Amino acid sequence: MDATQLLAQASDVVAAADPAGLMPARQQMALSLGWHIILACFGVAFPAIIFVMHLRGIRKNDPVALNLAKRWGKVSAVLFAIGAVSGTVLSFEMGLLWPGLMGTFGDVLGLPFAFEGLAFFLEAIFLGIYLYGWGKMPPKLHLLMVLPMAITGVIGTYCVLAVNAWMNAPTGFDIVNGEVVNIAPWAVLFNQHAFLAFGHMWLAAYMVAGFSIASVYAVGMLKGRRDRHHRLGFMVPFAFATIAALAQPFAGHFLGHDLAERQPAKLAAFEFADETADGATPLTIGGIYVDGEVKWAVEIPYLSSVASLNSFTEPVPGLDQFAEEDEPPVNFAHYSFQAMVGIGLLLLAAVALFWFLRWRKRDLLENKWFLRFMAVTGLLAMTAMEAGWIATEVGRQPWIVYGVMRTPEAAADHSAGLWAVYGGSVLLYGGMTIAAIAILRSMSRRWREGAADLPSPYGPKLLAADGPVEVRDCIDEKDGADVKDGADVKNGGVELDDAAVQDGADAQAADSEGTAK
Amino acid sequence: MMSLEFAVAAALFAGVVAYAVFGGADFGSGFHDLTAGGARRGAPLRTLIDHSIGPVWEANHVWLIYVLVMWWTGFPESFAAAMTTLYVPFVFALIGIVLRGASFAFRKYSETLWQAKLFGVVFATSSVLAPFFLGTIVGALASGRVPAGGNGDPWTSWINPTALFTGCISVGTCAFLAATFLTADAARRGETALTAKLRVRSLVVGAATGVVVFAGLIPIEHDAPTFWDGLTGRAAPVMALSALGGIATLVLLWRRRFGPARVTAVAAVAAVMAGWGIGQYPWVLVDQVSISEGAGATATLQGLLVAVGIAAVIVGPALGYLFYLTQSPEWNGEAGGGVKADEGGPIRRPASHWSSRLGG
Ligand code: HDD
Ligand code: HEM
Ligand code: HEM
């Protein structure tokens, strides 16, 4: 029964995915978006975190904070570069993989993209100014250059989310005799669903970036590096992550408030509602959906209706109400959704515990188990975010524009040869991930060994002959920076860290999850 | 006549020209990186390249995003048609763009020479491939090989005389722009030996590119008649302007007037691009879809113009500020070997630093 049925279900999915190019195109989209989104989170949240650290450094004349801000700037240079190129991939793929979508609806969903492009323009400009401006501009002006980045990251995210929200809850056009008419692009840009989706994603970005950066310093503290550098490096991102983690479940709840009307089949899949109950639908944990039935599950009465409908009596519409060709892959959507919610609640509990005990004058940073948990929160937040996206996107199937266009209609006429392209992409993204991690680790190791600046690596053996690492300054990262900012970092007796290693590592782990899908 | 569609098309095309100039100079520096020679000999040039494009490459690259977005929003069906026909060059260009951006960042922070070499080779090679494939896309569009309904021939659409020539022209103009920019940068930093070397490069690359551009016209007459008519008719003055700009650049380089040479070089390349645009007007897809036929919904086009207006007001000045900073003495101060930093006093440059022993 089970294995064969599972296989049958799987091949059903494949059969529905008719054009030979559809399956690889979806995998390609999932891989590249799942990869981009992690770096995008850093692009959205890192500037604000750097800003706070840098501000503290200047305000309190704190060399440790300044040093952290400077290093984070360099880490973000690497992350933003690959973030930007992976975003470019997406722009191409919208056309390469989904010409049916872009040709038909390009002028419906395009306006948000135009504003997104504008935002990224500004982000890239100020990124260049900030990163290369250390020591070359008056410190206060230089600090101000982070702010536009923090703002444009938000605008860019809002715009992309507006597109995705539109795919899930289409508005701003009519279809008359098969023609798309009455296009209202501003309605696509500004609507309630877009706002809610943005809010949730924005918080997710702060959770991902905040927990990941804090993870790095948690690992450092576990290794016995218990200095101010590590404490500060932990606390600032952790504070950001805390606020986001506390707000996130509420944001998620509001985002889902209209799911029963908006995408009932998706809600049924999330909640594993195989049939419409008589009263309130119970919350289902575990189990598997086979042949129109959920088996081997634990049920908690009422909870599903309460969570998704705010009701003790109304049932969640069951999957039995939908034709089979209108159902999403149920198990996949369900488990992704539950993973997200579960992790969200776990992280909420963890940060609440930390601050509660701190209020009671107990410092959890002294606790090894807490630090160990903190060391994986970056990964957990990424997993929750990826799971949330998978739930959203897979749960939308078989529609690309919900209720309007099915995914096969949007796909290009490419052949199964697209699998080769996909294989190449796996290699490419894998290679970029490995290279990014290698570079970030080596940066952090060199910092720990005492090189305040990293070498400009263009000459030949140069360096072996020239002696130890710390005399090699990168030509464009002159020491004047430290002097001018009033903090001689090299001589400040600062202990050096292993920054940045871990977020790279986390990113990779989460990527491979995205890929493994 | 200034219709709404035309205004959007013009804004879109302005982005193409900006990408050709700014993105082109970025790509072109990869050509010089590739041909800079061995690790020791090439080190000064590579350091200069890193320095020159480091702060600006991400911003320069967003022009491409701008163009794509304007295209799919303003002219959605022709975008889909081009993507389904020209996916091979698009994919190759994309690979080039991804590899070059990533490896440029990686190289900057590499620890060892072999890492830097590895990322450097990837960066440089992909910097040449990407403009070539982008160029073939131009040729394919201009020679009318993208059918309105899409799904044109994936190979002959871009493997044909016009497209291959535009690919080569694209590589050439990028290298030419980059050479003049880098020469001026080197001169401003007082790196005499490097300046001399780059000056020769600029002259050679410039002359070669000029020849290719005008040799490229020969096959176009038969291969792309509509485009040819446009080029030799309406676009003739612009093409003449580009020839003048190119010659003026060579003269200025010869006479070591590197600052003005940048201006004429930009004018020459912008004019070549404008020649393409004017030559193919009023077609979006030559012989297939005109600007007014291909345009999307009116409300959307208006929205796009709003976005463009905001961009002009906000992004324009910001971009100007970035370029201003990168050209300012504070951002260039130290390279001449011991120039004073602004108020911070002399920069500490350890005598053992390798760059102090390289030429200059
Ligand atoms: C750190 C990440 C993270 C965390 C902890 C949560 N979510 Fe989430 N969720 C996302 C990250 C995310 C996301 C990846 O950002 C999504 C995908 C699309 C979107 O806008 O946000 C999302 C989508 C999403 C949706 C929209 C589904 C749709 O419209 O198709 C709902 C209903 C929820 N979430 C609900 C929740 C609830 C009740 C949570 C309680 C703990 C929760 N999320 C935690
Ligand atoms: C906000 C921006 C996003 C847009 C505009 C978007 C758009 C799309 C499009 C066009 C498709 C292909 C059509 C389809 O299969 O229905 C798709 C599929 C998919 N996307 Fe998204 N997406 C976005 C965000 C994300 C993110 C961040 C992820 C991260 C994991 C993601 C995961 C997926 C997955 C897994 C699929 C494949 C669905 C399947 O094969 O069943 N999406 N998305
Ligand atoms: C929820 C989904 C997304 C979020 C939050 C997001 C956010 C971001 C951010 C913050 C950046 C800046 C680069 C960085 O800092 O790493 C970026 C870059 C980019 N994104 Fe995304 N993005 C998302 C999905 C998409 C999609 C679906 C597309 C295209 C179809 C896209 C296209 C781009 C492009 C083209 C860039 C590069 C801009 C540049 O060159 O600087 N993004 N994205």
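Me: Which helices of chain B do the buried residues of H9(B) pack against?
Reply: This is a predicted model. In helix H9 (residues 225-232) of chain B, the buried residues are B:Phe227, B:Gly230 and B:Leu231. Their arc around the axis is only 100 degrees, which puts them on the same side of H9(B). The helices of chain B that they pack against are H6 (113-142), H8 (192-223), H10 (236-254) and H11 (258-280).

Me: Which helix gives the most to the shell around ligand 3?
Reply: Ligand 3 lies between chains A and B. At least two residues of its shell come from each of helices H2 (22-59), H3 (63-97), H4 (99-132) and H6 (146-168) of chain A, and from helix H3 (57-74) of chain B. The most, 8 residues, come from H3(A).

Me: How many residues of the shell around ligand 3 are charged?
Reply: Ligand 3 is surrounded by 26 residues. Of the shell, 16 residues are nonpolar and 8 are polar. The charged residues number 2.

Me: How many residues apart are A:Phe270 and A:Phe337?
Reply: Over all chains the count comes to 42 aromatic pairs. One of them is the stacked pair of A:Phe270 and A:Phe337, with 4.2 Å centre to centre and 10 degrees between the planes. A:Phe270 is in helix H11 (residues 264-271) of chain A and A:Phe337 in helix H13 (residues 330-359) of chain A, so the pair links distant parts of the chain, 67 residues apart.

Me: Is A:Phe337 buried or partly exposed?
Reply: Buried means under 20% relative accessible area. A:Phe270 has 5% and is buried. A:Phe337 has a relative accessible area of 22%, so A:Phe337 is partly exposed.

Me: Why is the pair of B:Phe104 and B:Phe123 tilted?
Reply: B:Phe104 lies in helix H5 (residues 87-108) of chain B and B:Phe123 in helix H6 of chain B, 19 residues apart in sequence. Both are buried. Their ring centres are 5.2 Å apart. The pair is tilted because the planes stand at 40 degrees.

Definitions and conventions. Residues are numbered from 1 along each chain as its sequence is written. Chains are lettered from A and ligands numbered from 1 in the order in which they are written. This is a predicted model: local features need pLDDT of at least 70, side-chain atom pairs count only at pLDDT 80 or more; totals for chains, interfaces and linings use all residues. Side-chain values use heavy atoms; hydrogens and water are left out. Buried means under 20% relative accessible area, exposed over 50%, partly exposed in between (1.4 Å probe, protein chains only). Helices (H or I, at least four residues) and strands (E, at least two) are DSSP runs, numbered from the N terminus. The arc is that of the directions from the helix axis to the C-beta atoms. Contact means heavy atoms within 4.5 Å. A residue is near a molecule or strand if one of its heavy atoms lies within 4 Å of it. Ala, Val, Leu, Ile, Met, Phe, Trp, Tyr, Cys and Pro count as nonpolar, Asp, Glu, Lys and Arg as charged, and the others, Gly among them, as polar. Rings of Phe, Tyr and Trp (its six-membered ring) pair if their centres lie within 6.5 Å; planes under 30 degrees apart count as stacked, over 60 as edge-to-face and the rest as tilted.
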